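The stops below are meant to be selected in order.

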Amino acid sequence: MGKKKNKRSTIAADFARYFGENKLENWQRLCRDIGIHQELPSITRCREVLRSVHVNIFDLLDAVRQGTTPQRFQNSYLLAQYSVASNRIFPKRFAKDNGGPVKVLLRLFF
């Protein structure tokens, strides 16, 4: 259990480092890294677009490190199936610490 818990707390810290401060340019970068290439003039607009995106946060960070785009799923059900099967579930308790972007991307599976 310790190894799984450490992996999940590490992913929360990794995402916090990746995203940085709650600034428009960081939201826009997040959208681009997920593969959304449209004009997004505000954080509100970024949030709106991201609410319809289903991406695994572990895969997002891996893709950023590799310079690729993460897999996007058609719906939250397919994302949940993949995330559970691969044991890549972002811990809900860290969503509060990471604030806005994690809350927008996080899907409740259970």
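This is a predicted model: local features need pLDDT of at least 70, side-chain atom pairs count only at pLDDT 80 or more; totals for chains, interfaces and linings use all residues.

Residues are numbered from 1 along each chain as its sequence is written, and side-chain values use heavy atoms, with hydrogens and water left out.

**Whole chain**

Colour by secondary structure. The chain has 7 helices and 2 strands; helices (H or I, at least four residues) and strands (E, at least two) are DSSP runs, numbered from the N terminus. Along the sequence they follow the pattern α-α-α-β-α-β-α-α-α. Of the 110 residues, 43% count as buried, meaning under 20% relative accessible area, with exposed set at over 50% and partly exposed in between (1.4 Å probe, protein chains only). Contact means heavy atoms within 4.5 Å. Among contacts between residues at least 6 apart in sequence, 56% join residues at least 24 apart.

**Helices H2 and H3**

Select residues 24-34 (H2) and 43-50 (H3). Their axes are 9 Å apart and the packing angle is about 25°; axes are lines fitted to C-alpha atoms, for helices over the stretch in contact, and angles run from 0 to 180 degrees between N-to-C directions. H2 and H3 are therefore roughly parallel to each other (angles under 35 degrees; over 145 is roughly antiparallel, 65 to 115 roughly perpendicular and the rest oblique).

Now show side chains. From H2, Leu24, Trp27, Gln28, Leu30, Cys31 and Ile34 meet Ile43, Cys46, Arg47 and Leu50 of H3. By class, this contact has 8 nonpolar, 1 polar and 1 charged residues; Ala, Val, Leu, Ile, Met, Phe, Trp, Tyr, Cys and Pro count as nonpolar, Asp, Glu, Lys and Arg as charged, and the others, Gly among them, as polar.

**Asp33**

Stay in helix H2 and select Asp33. Is Asp33 buried, partly exposed or exposed? Asp33 counts as partly exposed because its relative accessibility is 22%. Leaving out residues up to four places away in sequence, Asp33 touches Tyr18, Leu60, Val64, Thr68, Thr69 and Pro70.

**Arg88**

Finish in the loop between helix H5 (76-85) and helix H6 (95-98), where Arg88 is found. Which side chain makes a polar contact with the side chain of Arg88? That of Asp62 does, at 2.6 Å. A polar contact is a pair of N or O atoms within 3.5 Å; within protein, one must be able to donate a hydrogen and the other to accept it, and residues adjacent in sequence count only if both atoms are side-chain atoms. Beyond its neighbours within four places in sequence, Arg88 is in contact with residues including Asn56, Phe58, Tyr82 and Ser83.
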